[in-house]
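Please keep the 3D view open as you read.

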Amino acid sequence: MGKILTRYWGKYKTSLFLTPIFVLLESVVALALPTLMSNIVDVGVASGDRSYIIRCGILMTLLALVSAAAGMFSTWHASRASNGFGSNLRVAMFHHIQEFSFGDIDKFSTASLITRTTSDVRQLQMSVQMMMRTFIQAPFQLIVAIVIVFTYSWKLALIYLIAAPVLFCGVVLLMGIVDKLFTLVQQKLDAMNADIQENLIAIRVVKAFVRQRYERQKFQKANDELTHANLRAVGLIIALGPLATIVLNAVTLCLYWFGGRMVATGEIQSGQLLAVISYLTQIMFSVMMFSMVLMQYTRSRACGKRIAEVLDAVPDIQDKPDAQAHPIASDRGSVEFRNVSFRYAKSGTGEEVLKSISFTAAPGETVAIVGGTGAGKSSLVNLIPRFYDVAEGAVLVDGVDVRDYRLEDLRGGIGMVLQNNVLFTGTIRENILWGKEDATDDEIIAALKNAQAWDFVSELPEGLDTDIQQGGTNVSGGQKQRLCIARAMLKHPAILILDDSTSAVDSDTESRIRESFSRELRDTTVFIIAQRISSVVNADKILVMDNGRIESIGTHAELMERSPIYRDIYTSQVEEALSDG
C-alpha cells in the first residue's frame, strides 16, 4: 500500500505539500486560544483591567478567523489532493486492466475489477483525505497541548498521559479485529456487484423465463450478506464511542477533583484550570480523531491490498522485451498450428481443451471449423490473435510464432467478429470506425453494403449518426451481427475470424455476405466457425473438431466420404430442412 500512496499524486503534489502547512497553522492558533482565555481570567478579570480584556478578546477573534481560514484552505487542498490521487489511481488501474489477458480477467472476475476500481479506490481516497489532515493535526495538538499543561501543572498532565494510552490501546485492539472484517466486506461487495451485473446483462432472459422472483431472492441473499458483514465491522467501530466517553468523563472528573483542590490551595490559578480543561477537549478530540483515522486506515488497507493485487499483477500475455515491430502484410496472413495443445487453467494443471492440433492455412484461403458444442472451436481461433497462449506447440502467422509479435502488430492485422457481438455506446459511424479510424463515409458505406447492413442503416432517420444504446440493445441480433461484420471488413485485415457470426441472419443474406468476402477480401485468410453446413460447403478447407481434437480435414466432398461426424451433421441438417419444407 505504501507504493500506492507515493506513486499516484501527479500534478496534485502542490496541494499535498500545502495541506500540512495550513493544518499546522490552524493547530498553532487553536492551541493559543485557551492560554489567552486563561490570561483574561487570571490577569484581566483578576485585576479589573478592561483594556487588557478587550485586547485579548480582539486578539482571540483575529486568531479564530485565522484558524478558520487555515482550516478552510487545508480542507480544500486535502480534498483536491485526495481527489486527484483517486483520479490518477483509477486511471492507472484502468490502463493496467486494459493490458490484462482474458485469463487475467477471468482470475479476478469482471465484477471484482469494477469494485476495486470504484469502491476500493473511493475508500482509499477518503482515508487519504482524512490522514492528510488528522495524521498531522492530531499528534501535533496532542503533544503540544500536553506540554502546555505540563507548564501549568505536571500533576494534571499525568492524568492525560494515563488516559490517552488507554484509549489508544483500545483502538489498536479493535483494528486487529476489524481488518479481516473489512476485507470480507469488500469481497461481499464483489459478489453483490456480480449479481447486479449478471442480472442487467441478461435481463431479457430473466424476463423471458419469468425468473424475476429467483433473481430477487439471489440478490437479497447477496445484499444481506454484505449488510451483515458491514454491521459486524461497524458494530466494533461503534464500541469505540462508549470507550471514549468513559475515558473522557473519567478524565474530566479527575481534573475537576484534583484541579479544584489545587485552585483552593493556590497551587494553580482558576484561569489555568479552565485552560487545562479546554486543552482536555483538544487532547481527547485529537485522540478520538486519530483513532477514527486509524480505523478508517484499517478499512482502506484492506482496499489497498486489493488494489495492489491488480496493479502488481503481471499480465500473462504481453510483448517480449526484444519484440520488434513486424506488421502483418494485408496480402499475406498464412496461419500454421504446429502440434498445439491448450488448457485454460493458468497453473497449467487444467484439463486440455485442445490436443495436438496441427494444420496450415495459406494466404487467402477460407478455413471453416465445425463440430459439436464444447469441441474447442472458439478456443482454437482465440489462439491466433493470442488472447490465450498455447500450453504446448506453437501458432505461427506468416511463419513467425505469434509470441514473437508485438501484440499491437499481431492484432492489428487480424479482424474478428466474436460469438457475442458487441457494439458500444455511440453512433453507428463511431462503432464502424473501430475498424479504421480515418475511414471516409464512402468507405464506411462500402463496408456496410458488403456486410448487407446498408439497407437498414440508410432507412434510419439519422443514418450513420443513429445512436447505438449500450450493448446495441436498440438493434436486432441480425443487424448487430452485420454491423460487426462491417466493422471487421473496414479493417481489410490479413486474417479474418468469424466466430458463428452469421447465426442470426437468413441464408440468403449470409450467401451475399460470403460473396462479398470472396470479392473484397480475396487476399484475406478467413476462418469461419459455423453451425450451418451451408455456411461452410464452399470453404477451401474444413476442420471437423471433436473433443478438442481435429477429427478430419478436407473439403466438403472429401469429408462427406471419410468423416462420420461431418456426414452426420450434414445429414441431420438436410433432413431438418426437408421436414421444415
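Start with helix H2 (residues 13–47) and helix H5 (residues 110–152), which pack at about 25° with their axes 9 Å apart. Helices here are DSSP runs of H or I of at least four residues, strands are runs of E of at least two, and both are numbered from the N terminus. Axes are lines fitted to C-alpha atoms, for helices over the stretch in contact, and angles run from 0 to 180 degrees between N-to-C directions. H2 and H5 are therefore roughly parallel to each other; that term covers angles under 35 degrees, while over 145 is roughly antiparallel, 65 to 115 roughly perpendicular and the rest oblique. The crossing of H2 and H5 is right-handed, meaning that the near helix is turned clockwise from the far one by less than a right angle. The residues of their contact divide into 14 nonpolar, seven polar and two charged. Ala, Val, Leu, Ile, Met, Phe, Trp, Tyr, Cys and Pro count as nonpolar, Asp, Glu, Lys and Arg as charged, and the others, Gly among them, as polar.

A word on the model: it is predicted, with local features needing pLDDT of at least 70 and side-chain atom pairs pLDDT 80 or more, while totals for chains, interfaces and linings use all residues. Residues are numbered from 1 along each chain as its sequence is written, and side-chain values use heavy atoms, without hydrogens and water.

Now move to helix H14 (residues 441–450) and helix H16 (residues 477–490), whose axes lie 8 Å apart at an angle of about 125°. H14 and H16 are therefore oblique to each other. Glu443, Ile444, Ala447, Leu448 and Asn450 of H14 make the contact with Leu483, Ala486, Met489 and Leu490 of H16, where contact means heavy atoms within 4.5 Å.

H16 also meets H17: their axes come within 12 Å and cross at roughly 0°. On the H16 side the contact uses Arg482, Ile485 and Met489, and on the H17 side Thr509, Ile513, Ser516, Phe517 and Glu520.

Finally, look for the cavities, of which three have 30 Å³ or more. On a 1 Å grid over the protein atoms alone, a cavity is a set of points where a 1.4 Å probe fits but cannot get out, and lining residues have an atom within 4 Å of a point. Grid points are joined across faces, edges and corners, and a volume is the space filled by probe spheres set on the points. The largest cavity has a volume of about 70 Å³. H17 gives the most to its lining, with four residues.

Technical notes:
On a 1 Å grid over the protein atoms alone, a cavity is a set of points where a 1.4 Å probe fits but cannot get out, and a pocket is an open set with protein on both sides within 12 Å along at least five of seven lines; lining residues have an atom within 4 Å of a point.
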